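Please look over the sequence and structure shown here before reading on. The briefing that follows is meant for a reader new to them.

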Amino acid sequence: MSTMTLYVDKKSFIHHVAPLTKLLYVMVSIAITYIIPKLEFVLFVTLTSLLILAIGKVFRKILPILALSILLIISIIIVQGFFHPENQTVLYSIGFITFYKEGLTFAALLTLRVLNMIMSFGILILTTKHDELVEDLIKKGMSPKIGYVLLSVLQLIPQMRATMGKITDAQRSRGMETEGNLLVRVKAFFPLIVPVVLNSLHNTRERAIALEVRGFNTKMKKTFLNLSKEYQYTKTIQSILWAILIVTIAWRILS
Amino acid sequence: MSIIQVEGLKYKYPDTDQLALDDISFEVKQGEFIGLIGRNTAGKSTLCFALSGLVPHFFNGGYGGKVFVNGLEVRQHEVGDIAAHVGLVFENPFSQMTASKYTVFEEIAFGLENMGVERNEMITRMDESLDLLDITSIKDKHPFDLSGGQMQRVAIASVIAMKPKILILDEPTSQLDPQGSEEVFKVVENLTKEGITIIMAEHKIDKLAEYADKVALIDHGKLIDFDTPAKVFSRDDLPDYGITAPTATRIGKALGIKDSKTDLFPVTIKAISREIGDKL
């Protein structure tokens, strides 16, 4: 299928949780790590997200995405470890480099929040069909235009990549060097990117016309071909998530 | 009764001085197949846009005159409202795919969902369209995994499912192979039998000569002629408008053979074969 998708088609309990419930989990799990800024609590939430990924049989799929965040995490540790304003207690020194307990604790908190954020979004994206999620959001009142943008980007990027391949071949056949050292590649960049962008703009205008004549901007109430799927435990899980959010807010206010 | 009425239509695109459509008037009866011919930039596509409401609503610009489609004055109604009466299919099949659906079946449903068609009715119409365009076998495929000809048929099916009274096709076969082009013409001919009015801008003159009831010749935004294919293609000044007469007409002119029914030069291979056969 000519489309970008991170969805992993597996049979698991998490795959059978309603898309909007998973979206609520993303929001709640991120929010509570800010409402209760305790390292142990954030660690617990992060481990919960990790467990859910494992139950959803998509843990391995999240690893490349986590790997991408390593640079961010390292920079957090260095910046906070060295320069956190409350740095007092020296933890250890290597030459002129000194790490402080306060800074590293805060860096650990930020790191866990980042990891939890990635993993909770991972739960949503890896175990949910995006068209189903977007359709559910439109049914809940999200603008169909935003829904369209979300879905079309995922399909059009591979198409643009294919166009780029065709244009690269065309330019090569006319003698342009596209491979080699950095200078050669930089010189090849504009003759390649300009036709791709112009082609995409032209297609975008035509696609806008196609949408227009198929009533995309009509003010009529939309109907849907796909029926909403029936999911089990939706109310129970959503109630638990709302309760967790309320309890954490109450705890924060009272403590 | 006329399903399309164009009265003194003038239009110029924003930031241009020249009229893209210059005082065009004509009428079309329900179920007629009208071919639009003319050189590139003659104004064929602009006329197609004007009949579907994209001119002036989508393109803006200077607009004069009146266009009525199925009783609606185009200028007074939104494109979305006109879409229920007029379908538009254009040249590039790729850019007509919405890029938001994952199967051909869902792709065809897109317009119906927007028009608020009830689900059971939607499925019935989609099945009819798939059947009419003979694409039921690819209904579960991803739209971008299809060939150009298949995509164009999906584009037509998507529009047909919306049950328009008028179908406008702007060079729908320009990116198709001969087989694909023939299929599109056959489909369109079947649609006229269902009572759908067809307006088709096309460079494949031989095909238009075979299928069209009337031909509109356009040049520099002006309607030069609007008559039967036999009358329009018998004109001696066709090359002045960038048009080459159909093969049958050129043979007829070269051999001095006229269609005994119309006393004009034949426009189809069938007609000239009949005349030659009679002479032999």
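Predicted model: local features only at pLDDT ≥ 70, side-chain atom pairs only at ≥ 80, totals over all residues.

Residues are numbered from 1 along each chain as its sequence is written, chains are lettered from A and ligands numbered from 1 in the order in which they are written, and side-chain values use heavy atoms, with hydrogens and water left out.

**Helices α2 and α5 of chain A**

- The axes of helix α2 (residues 39-55) and helix α5 (residues 101-127) of chain A come within 9 Å and cross at roughly 25°; axes are lines fitted to C-alpha atoms, for helices over the stretch in contact, and angles run from 0 to 180 degrees between N-to-C directions.
- α2(A) and α5(A) are therefore roughly parallel to each other (under 35 degrees is roughly parallel, over 145 roughly antiparallel, 65 to 115 roughly perpendicular, the rest oblique).
- Residues of α2(A) that meet α5(A) include A:L39, A:V42 and A:L53, and those on the α5(A) side include A:T105, A:L112 and A:L126; contact means heavy atoms within 4.5 Å.
- By class, this contact has 14 nonpolar, six polar and one charged residues (Ala, Val, Leu, Ile, Met, Phe, Trp, Tyr, Cys and Pro count as nonpolar, Asp, Glu, Lys and Arg as charged, and the others, Gly among them, as polar).

**Helices α1 and α2 of chain A**

- Helix α1 (residues 19-35) of chain A packs with α2(A) at an angle of about 160°, with their axes 9 Å apart.
- The two helices, α1(A) and α2(A), are therefore roughly antiparallel.
- A:Y25, A:S29, A:I32 and A:T33 in α1(A) meet residues of α2(A), among them A:F41 and A:I52.
- This contact of α1(A) with α2(A) divides into six nonpolar, four polar and no charged residues.

**Nonpolar cores**

- The largest nonpolar core has 62 residues, of which B:F33, B:I37, B:I108, B:L167, B:I198 and B:M200 touch the most other members; such a core is a set of buried Ala, Val, Leu, Ile, Met, Phe, Trp, Tyr and Cys residues joined through side-chain atoms within 4.5 Å.
- Helix α6 (residues 148-160) of chain B gives the most to this core, with seven residues.
- Apart from this core lies another, of 40 residues, including B:L9 and B:F49.

**A buried residue in chain B**

- B:T249 lies in helix α10 (residues 247-255) of chain B.
- B:T249 counts as buried because its relative accessibility is 0% (buried means under 20% relative accessible area, exposed over 50%, partly exposed in between, with a 1.4 Å probe and protein chains only).
- Not counting residues up to four places away in sequence, B:T249 touches B:F233, B:F265, B:P266 and B:V267.

Key: Helix = DSSP H or I, 4+ residues; strand = E, 2+ residues; numbered from the N terminus.
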